[in-house]
Amino acid sequence: MSKNYGYFDDAKREYIITDPMTPTKWTNYVGTIDFGGIVDNTGGALLCAGDPSLNRINKYIPQQLDTDFKGATLYLRVKHSNGYSLYSPFFTPCLTPLDSYACHVGLSYQRIVSECAGLKIEATIFVPTESKVEVRDITVTNQSNQPLEVDLIPVVEYSHFEALKQFTNADWVPQTMMSEAINDTPDTLTLLQYPFMRRDGLVNFLTSDRPVDSFESDRKNFLGVTGTWAAPQALTLDSLSNYEARRGDNIGSLLIKLGSITPQQSKRTIVLTGQASRDTYAELIHQFRDHNAVDAAFAGQAKYWDDYLSSYQCETPDANFDAMINVHNPRQCQTTFNWSRYLSLYQLGLGARGLGFRDSSQDSMGVLASIPAKAKELQKKLLSIQKPDGSAMHQFYPATMEANEGDSREEGEKLTYGDDHLWIILAVTAYIRETGDYDYLNESITFYDKNLPLDQREAAPVIDHLERGLHYTKHNCGKHGIPLLGFADWNDTVNLPGDAESFMVASLYGAALLEVIELFDYLGNEAKVAQYQADHADMKKVFNDQGWDGEWYRRYYTADGAPIGSKSNSHGKIYTNGQSWPVIAGFAGEERAQIALDAVEENLNTKFGIKLSTPGYDGYDPNLGGVSTYPPGAKENGGIFLHSNPWIMIANTMVGNGDRAYKYFCQINPAARNKDLDTYEVEPYCFAQNVLGDEHPQFGLGRNSWLSGTSSWTYQAATQYILGVKPSHHGLQIQPCIPRDWKGFTVRRSFRGANYAIKITNQNSSDQTVSHLTVNGEIIPGNTIPIAQPGTQNTIEVTLGAACPEHAVA
Ligand code: NOJ
C-alpha cells in the first residue's frame, strides 16, 4: 500500500501535496520561457529569461539530494531571549518537522502553506504575465497566544547566465560573479547580481517591499566554514554582514525583520527575484512592491487560465477523465508548448538542446483551440529552420534562432532525421482547420541556411514549405521504396547505419498527404488533389507489399534489407508505432488495422500503458544505436513510452473500438496513479514521458514528467477522437467513439469565434454513427456543424446510433 502524498481539488483546479518528502521532487511551472521556470514542492526554483542555456538565473541542480537547497528558499526565525529558532517553512533545507504542510500546485502558481512555531506561513509563488519577475507573496500569521518576533530570510543562489559554463569552468565563472547593493529608497534595498561582462546590461535582482535589515551575497559567508544550508552560521547572528561579493559563489539573501507579530495578527511581505536592464529594474520593482499590483497580477493570471480553458470543457460519466481534459492536460499542453523539451527536472537546458522541430510542431497542435496566434508564431519559427530541400534542422535556440542537427551531429554521417519536416505539415494544416486562416499559406518565410544572413536566404510561401516537405520524402526512399530513416525518425534511439528505411516515416508521409489532399480539396485545386492522391496510393501499395509481417506491420528495414519489428526478430519483434500510424495514415485496410491493433493489445499492453516495443534488446549493439543502451523495459527499449499511447487510442477510434481507446486513456491517466505513488513516484497531475515496462524489476516507475509529446497527443486523442469534436475545413465535425456504456456527454467548445454547447446522446451502444444533429433546433444533414457567425452562442444536439423513428434525419 502506497503512502498518500496528496489529492486533487477540482473546484480550485489544484493538486494539493500534503507531504514535502515526495518520492522525487514534484514540480510546477511559473511564467513562460521569456521569464519563468520550475518551482518545486519545497519552494526551490530554477528561473531563466528567454533561453535556459543562454540566460539562466538560479543554480538549481536536480541531481543534488532532494533534502538539500535548490535554487531558492525561505528561512524563518523566531527570536528568543537567548537566540533564535530557525525554520524552513518549505521544509527544505532545515528539515525540521512542520506542524502542517500543503503545497497547492495551481495554474502557473505554487502556494505553500505551512505551520511551525505557532505561526502560519502562506507563500504564493508566481510570475505576473509578461513580466520578468518572480513574486513570492508571503503572509505570516501568529496563531499562538503570545507575541512573536519573526524574521524572514529569502535566499537565491545564482548561476552564471551561460548555464553549462557554470559547471565546466570553476575559475573563470567565479572570477566574474558580482553582487551590488542599492539603497533604492531610504527604506528599501535591492541586491543586484551579474557576471562582470553584464555589469552595464541585464542584471538579476532580489528585493522586498519591506525594509531590509541586512544582506549577504557570498555563500561561504552565509554558511560559515562548517555551516550547511540546514544551519547557516550567519543566521545565528542578529544581522547579516552586508558584504557585496566581487567574485565567488554568489547568493542573494535578505534579512527582513517583521518585528513583533501579535496573536492573530498577519504581516504580508513581497519578495521579488527578476532580471532587467540597469535602466528598468527599478520601475519593475516599484510596480510589484505594491500589494494591489500583485493582487491584480494574480487575478490577471487566473483570468488568463479561465479564458484558456474555456475553449474546451467537457462533462462525461468519468470525473477523472474530466479533471484531466478540462484542466491538467490542457495546462500541460501549454507548458510543453512553452518549453518544448528544454527545461525540466530531467531535461536540464544546459546547452545540448533547444526547442525541437518535431517536438514543437506536435506541441503547437495541443494549444490550437486556446492560443492559435501563439501557435502560429511558433510554427513560423519552425518553418524558418526548414531547409530548402524540404527537410528540417532538428532544433533551435530561441534567443538566437540558431539551428542545429541535434544528436545526429555525434554520428556525423547522416545529419537529417527522416521525420522532422513531416510533423510541421500536420501542425500547419491543423492550425488552418482550427482558425480558417488560409492566408497563412501565402505568407513568405525563409528557409534555413546558416551560412547566409537572413536577408539573403531563399523565401517561399508556407504552402511551398509544406509541399517541399512532401517532395523530400517522396524522393528519399530506399531500395524497398520506403522512406529513408536518416539518423532516426520519431524514435530518436533507433540509429541504423546506411540506407535503412522507416515505416513510421512512410506513415507520417501518408498522414501528411491526407491533410494536404483535404486542404487542396477545400481550396478547389483539383490538380493538386489528384497528384497527392496518387502519391498516397503509391505509398500505400508499397507499404502494404513491404510492411505486412503476417500478424502486424514491420517498423524498419536495415540497409541490408533485414526487417526490424518482425516475427523473425528475436528482440524488437513488434513496435507500437508500427501499428498505430498505418491506421492513422489510411494505409491499413479494415482487416489489417484490426489485426494489427489486436496484436498491440496482446503483445504490448500492460496495466500501466502500452510498451513501445517488445521484447527489449538485451545488450549494447552499435548497429541498433541508442535503443540498446537501455536495459530491457526502459524508455524506448521496451519501456512504456507514453507518447505512443494516444496514437493507439486514435487508431482504435478509427476502427470503432471506443472501449479500448478509453481503457488506454485510463491506464495512463496519471491521476489514476495517485494511490500508487511509491511505485509511480512522479507527479500525478501531469503525464510523464516514460514508465518502466514489465521486463524491468521496477515495472510501473514513471520518469521525465511534464515535457512530453504525450500531452499534446493525449489531449487530441481525448477531445477530437474519443469525444470526437474535431475542427475541419467545413466546420466542427462530430464523430465520437466512446465506451459503449456511456449514455452521453456534453462539450462546450469555442471555434472560429463562436461558442458551441454540444449535447451528445448515445442511444445505441454498438453503433456510434451520428444519426441526428440539430443546430439551434434546426436539423443538419451529416455530422459537421457548419461554421457559425463569430460571437454567437449555438446549441447543438447530437444523437448517436441507429436512428429511432422520432430521431430520424429529415
Ligand atoms: C523524446 C524526444 O524529445 C522526441 O522528439 C522523441 O520523439 C522521443 N523522445 C522518442 O524517441
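Predicted model: local features only at pLDDT ≥ 70, side-chain atom pairs only at ≥ 80, totals over all residues.

**Aromatic pairs**

A search of the whole structure finds 44 aromatic pairs, and two of these are set out in the table below.

| Pair | Centre to centre | Angle between planes | Arrangement |
|---|---|---|---|
| Phenylalanine 69 and tryptophan 229 | 3.9 Å | 10 degrees | stacked |
| Tryptophan 581 and tryptophan 713 | 6.1 Å | 80 degrees | edge-to-face |

Phenylalanine 69 belongs to the loop between strand S5 (45-48) and strand S6 (72-80), while tryptophan 229 belongs to the loop between helix H3 (219-223) and strand S17 (250-261), so their pair ties together parts that are 160 residues apart in sequence. Both phenylalanine 69 and tryptophan 229 are buried.

In the pair of tryptophan 581 and tryptophan 713, the plane angle of 80 degrees is over 60, and therefore the pair is edge-to-face. This pair, too, links distant parts of the chain, with tryptophan 581 in helix H14 (residues 577-584) and tryptophan 713 in helix H19 (residues 710-722), 132 residues apart. Tryptophan 581 is buried at a relative accessible area of 1%, and tryptophan 713, at 5%, counts as buried as well.

One aromatic cluster is formed by Tyr5, Phe8, Tyr15, Trp26, Tyr29, Trp339, Tyr685 and Trp706.

**Helices H7 and H8**

Helix H7 (residues 357-365) and helix H8 (residues 372-383) have axes that come within 10 Å and cross at roughly 160 degrees, which makes H7 roughly antiparallel to H8. Their crossing is left-handed. In the contact, Phe357, Ser360, Ser361 and Ser364 of H7 meet Ala375, Leu378, Gln379 and Leu382 of H8, and these residues divide into four nonpolar, four polar and no charged.

Conventions. Residues numbered from 1 in each chain as written. Heavy atoms only, no water. Axes fitted to C-alpha atoms, helices over the stretch in contact; angles between N-to-C directions. Helix = DSSP H or I, 4+ residues; strand = E, 2+ residues; numbered from the N terminus. Parallel < 35°, antiparallel > 145°, perpendicular 65-115°, else oblique. Left-handed = near helix turned anticlockwise from the far one by under 90°. Contact = heavy atoms within 4.5 Å. Nonpolar A, V, L, I, M, F, W, Y, C, P; charged D, E, K, R; others polar. Phe/Tyr/Trp six-rings, centres within 6.5 Å; stacked < 30°, edge-to-face > 60°. Buried < 20%, exposed > 50% of the residue type's maximum accessible area, 1.4 Å probe, protein only.
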